[in-house]
Amino acid sequence: MPKHGKKFQKVCESIDGLKMYDVAEAVELVLKSSYAKFDETVDIAVNLGVNPKYSDQMVRGAVSMPHGLGKTVRVVAFCKGENEEKARSAGAIDAGGDELVEKIKGGWLDFDKAVATPDMMGHVGKIGKILGPRGLMPNAKTGTVTVDLENAIQELLAGKVEFRVDKAGVVHAPIGKVSFGSEKLLGNLRTVVDALIKLKPSTAKGTYVKAVSLSSTMGPGVKVDAASLRKAGE
């Protein structure tokens, strides 16, 4: 088990590790337990009652956060012709076709998100082994493979979050910064919860939302009562 410092141990004293907190109370506890000198990110982790090894139980999607994420997002666009200028004007730090593919093959990865027009996916596939493991591969299901590059780029810059259930059945997603305060964090959280509930696979049996926790970058996890979480998504 990793050893934690005195500050971490002290904030843990105010949190009952066995209690399921109302979601609003949980957010307040996360804010109070933040102690780092930088503006910590607040994350939600939701354990879903699905088996990701079956394709019909894969929960994956993207949502645009109403209050953004409080971070700078660097976007590149795989496209050609007049779309290159449109992408740059929308805020992409780089745009292009084969030359951009070659640049990434050469080791350049100074970006956070990638979008592509459908006709470019054959080219992007050549670097799939580079982009895929880093979560940078454009995908139609998350809206990053599209003919409307400008809108896709603007959504990413404004705080669009992509999520995907992992092998253990857990979805992780950032919902903002500690500096946002509880109201904005709850607004973003409701957006994520609403999206997850809408994406419930028809083949998923039993309890869908099994366990939930919130935490800041350096702080301890706070367990959330699933019933209050579902209400947050209503």
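In this predicted model, Glu-84 is buried, with a relative accessible area of 19%, a value that falls just inside the class because buried means under 20%. Its side chain meets that of Arg-88 in a salt bridge, with N and O 3.9 Å apart. Arg-88 itself is partly exposed, at 37% relative accessible area. A further salt bridge joins the side chain of Arg-88 to that of Asp-94, at 3.5 Å from N to O. Asp-94 is buried, with a relative accessible area of 13%. Through shared partners, the salt bridges tie Glu-84, Arg-88, Asp-94 and Lys-103 into one network. As a general point, side chains of opposite charge can pair when their charged atoms come close.

The count of salt bridges comes to nine. Another of them pairs Lys-80 with Asp-119, whose closest N and O atoms are 3.9 Å apart. This pair links distant parts of the chain, as its members are 39 residues apart. Lys-80 is in the loop between strand S3 (75-78) and helix H3 (82-90), and Asp-119 is in the loop between strand S5 (113-116) and helix H5 (121-124). Lys-80 counts as partly exposed, at 49% relative accessibility, and Asp-119 also counts as partly exposed, at 44%.

The assignment gives domain 1, made up of 15-69 and 160-232, and domain 2, covering 75-158. Their C-alpha centres lie 28 Å apart. Where they meet, nine residues of domain 1 are in contact with eight residues of domain 2. The size of an interface is often given as the accessible area lost when the parts come together. For these two domains the buried area is about 800 Å², with 41% of it on carbon and sulfur atoms. Three residues, Arg-60, Lys-160 and Glu-162, supply 78% of the area that domain 1 buries against domain 2, more than any other three residues.

Polar pairing also occurs at this interface. One salt bridge is found across it, and two residue pairs are in polar contact between the domains. On the side of domain 1 that touches domain 2, strand S2 (60-64) and strand S6 each supply at least two residues. S2 gives the most to that side, with four residues. A salt bridge also joins Glu-155 and Lys-160, with the closest N and O atoms 3.1 Å apart.

Attention now turns to the nonpolar interior. In soluble globular proteins, nonpolar side chains tend to be buried together. The largest nonpolar core here holds 41 residues, and those touching the most other members are Ile-44, Leu-48, Ile-175, Leu-214 and Leu-229. Both helices and strands contribute two or more residues to this core, among them helix H2 (23-32), strand S1 (41-48), strand S7 (170-177) and strand S8 (209-216). Helix H8 gives the most, with seven residues. The surroundings of Leu-214 illustrate how separate stretches of sequence come together: beyond its neighbours within four places in sequence, Leu-214 is in contact with residues including Ala-26, Val-30, Ile-44, Ile-175, Leu-189 and Val-222. A second, separate core has 14 residues, including Leu-100, Trp-108, Ala-114 and Leu-131.

Two loop residues complete the description. Thr-144 lies in the loop between helix H6 (128-131) and helix H7 (149-158) and is buried, with a relative accessible area of 1%. A polar atom of the Thr-144 side chain lies 2.7 Å from the backbone nitrogen of Asn-139. Apart from its neighbours within four places in sequence, Thr-144 is in contact with Ala-114, Val-115, Ala-116, Pro-138, Asn-139, Leu-156 and Glu-162. Gly-219, found in the loop between S8 and S9, is likewise buried, at 12% relative accessible area. Gly-219 and Glu-40 are 179 residues apart in sequence, while their C-alpha atoms are 8.9 Å apart in space.

Key. Residues are numbered from 1 along each chain as its sequence is written. This is a predicted model: local features need pLDDT of at least 70, side-chain atom pairs count only at pLDDT 80 or more; totals for chains, interfaces and linings use all residues. Side-chain values use heavy atoms; hydrogens and water are left out. A nonpolar core is a set of buried Ala, Val, Leu, Ile, Met, Phe, Trp, Tyr and Cys residues joined through side-chain atoms within 4.5 Å. Buried means under 20% relative accessible area, exposed over 50%, partly exposed in between (1.4 Å probe, protein chains only). Contact means heavy atoms within 4.5 Å. A salt bridge is a side-chain nitrogen of Lys or Arg within 4 Å of a carboxyl oxygen of Asp or Glu. Domain bounds come from an automatic or database domain assignment. Buried area is the accessible area (1.4 Å probe) that two parts lose on being put together, summed over both. A polar contact is a pair of N or O atoms within 3.5 Å; within protein, one must be able to donate a hydrogen and the other to accept it, and residues adjacent in sequence count only if both atoms are side-chain atoms.
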